[in-house]
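Me: Could you take me through one part of this model slowly? I'd like to stay with a single spot and see what sits around it.

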Amino acid sequence: MTLEIKRIGDELRIRPAQRSLAGALDIFARFSPDFVAAVGDRKEQGQRERETF
């Protein structure tokens, strides 16, 4: 695990480093063709008007 260490004033914050998206295409390639077709068939949903107060 890679960590990110950041100093903020007198404080040190240690957290997991953000992961790269380099493997994202490999993950998407694992989706079944049925799933991809279903996502492509969805119709665009327009935004609803918000109520004004």
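Which residues form the nonpolar patch on the surface, and about how much accessible area do they have together?

Reply: The patch is made by M1, L3, I5, L12 and I14. Together they put about 640 Å² of accessible area on the surface (Shrake-Rupley method, 1.4 Å probe, with only the protein chains shown counting as cover for residues). To join such a patch, a residue needs over 30% relative accessible area and no salt bridge, with nonpolar side chains (Val, Leu, Ile, Met, Phe, Trp, Tyr) linked within 5 Å and like charges within 9 Å.

Before going on, a word on what you're looking at. It is a predicted model in which local features need pLDDT of at least 70 and side-chain atom pairs count only at pLDDT 80 or more, while totals for chains, interfaces and linings use all residues. Residues are numbered from 1 along each chain as its sequence is written, and side-chain values use heavy atoms, with hydrogens and water left out.

Now, where does the patch sit? Strands β1 (3–8) and β2 (11–16) each give it at least two residues (strands are DSSP E runs of at least two residues, helices H or I runs of at least four, both numbered from the N terminus). L3, for one, belongs to β1, and at 48% relative accessibility it counts as partly exposed (buried is under 20%, exposed over 50%, partly exposed in between, with a 1.4 Å probe and protein chains only).

The two strands are partners. β1 and β2 run antiparallel, joined by six bridges (DSSP has to find at least two for strands to pair). Between the strands come two residues, giving a hairpin, and G9 in the turn has a positive phi of about 65 degrees. As a rule, side chains in a regular strand alternate between the two faces of the sheet.

E4 and R15 make a salt bridge, with 2.8 Å between the closest N and O atoms (the cut-off is a Lys or Arg side-chain nitrogen within 4 Å of an Asp or Glu carboxyl oxygen). R15 is in β2 and E4 in β1, so this pair ties together parts 11 residues apart in sequence. Both ends are partly exposed: R15 at 44% and E4 at 27%. There are two salt bridges in the structure, and the other one links R13 to E11, whose closest N and O atoms are 2.6 Å apart. Here too the ends are partly exposed, R13 at 45% and E11 at 37%.

How open is this part? None of the six residues of β2 is buried, so the strand lies largely in the open. That goes for the protein as well: of its 53 residues, 0% count as buried. The protein exposes about 6200 Å², and carbon and sulfur atoms supply 52% of that.

As for the rest of the chain, the pattern along the sequence is β-β-α-α, which comes to two helices and two strands. The protein's mean is 80, and 79% of its residues reach 70 or more.

Terms used: pLDDT is the predictor's confidence in each residue, from 0 to 100.
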